[in-house]
Amino acid sequence: MSNHCAFAARLKDQYWAYQLLKRKLRTKLASRVIKTLRPKELCNLYFSLHHESPVAGLVPSIMTIPQSRESFLYMALFASIYRSACSGAIRAEIDLNAMVFAWDTFCAFYPNHIQERRPFGRIRPANFDEAWIIVEALRDGLTELPYCTTCHIPYLVIHGCKYQQVCQMCMLNQIPKSRERSTSN
């Protein structure tokens, strides 16, 4: 019976490895949830899918992803889709079904935004790696998704980020008003 369970676990990991690597997740990140496949097997699978080696280098940090106030809006949208699709608590392990669904839905909203290589645009997450980092940050408590009491939408708070921990939508809505006041004086 244990051989059957080991086989089923490996088959499940192979399925998820395919789903994650098809979306170009770094093998270093995929190996955090794929336990029955060795990193070399993940690299080989990545190469067979994309005919190129997996991306090497440092994994991005949640604090380096937002480039502007506007990027918080897109990140909050992605995080909201993930939270809605997640079958359990977002502080538990990563829900791979919800992760793939959230990414595919986000890409359907912005079909022309994906940029695998730098420079990235304002729409973040710009690739599946960044989406993964956002979900990990939600799980680890580095990021929160509270609701704004003013505009009633969820906004993203990244602890330790250079941007204020406020609703970025409300902040963006105040910018034109403050510009109008300064030009009328």
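Colleague: Among the contacts in the protein with a separation of 6 or more, what share comes from residues 24 or more positions apart?

Modeller: This is a predicted model, and in the protein residues 24 or more positions apart account for 57% of the contacts with a separation of 6 or more, where a contact means heavy atoms within 4.5 Å.

Colleague: In what order do the elements of the protein run?

Modeller: There are seven helices and two strands, and from the N terminus on they run α-α-α-α-α-α-β-β-α.

Colleague: Why is H6 called mostly covered?

Modeller: Buried means under 20% relative accessible area, and eleven of the 13 residues of H6 are buried, among them Phe128, Trp132, Ile133, Ile134 and Leu138, but also Asp129, Glu130 and Glu136. For the protein of 185 residues, 41% count as buried.

Colleague: How do you know that the span of H6 is close to the expected one?

Modeller: The expected span is 1.5 Å times one less than the number of residues, which for the 13 residues of H6, 128–140, gives 18 Å, and the helix reaches 18 Å from its first C-alpha to its last, so the two values are close.

Conventions
Residues are numbered from 1 along each chain as its sequence is written. This is a predicted model: local features need pLDDT of at least 70, side-chain atom pairs count only at pLDDT 80 or more; totals for chains, interfaces and linings use all residues. Side-chain values use heavy atoms; hydrogens and water are left out. Helices (H or I, at least four residues) and strands (E, at least two) are DSSP runs, numbered from the N terminus. Buried means under 20% relative accessible area, exposed over 50%, partly exposed in between (1.4 Å probe, protein chains only).
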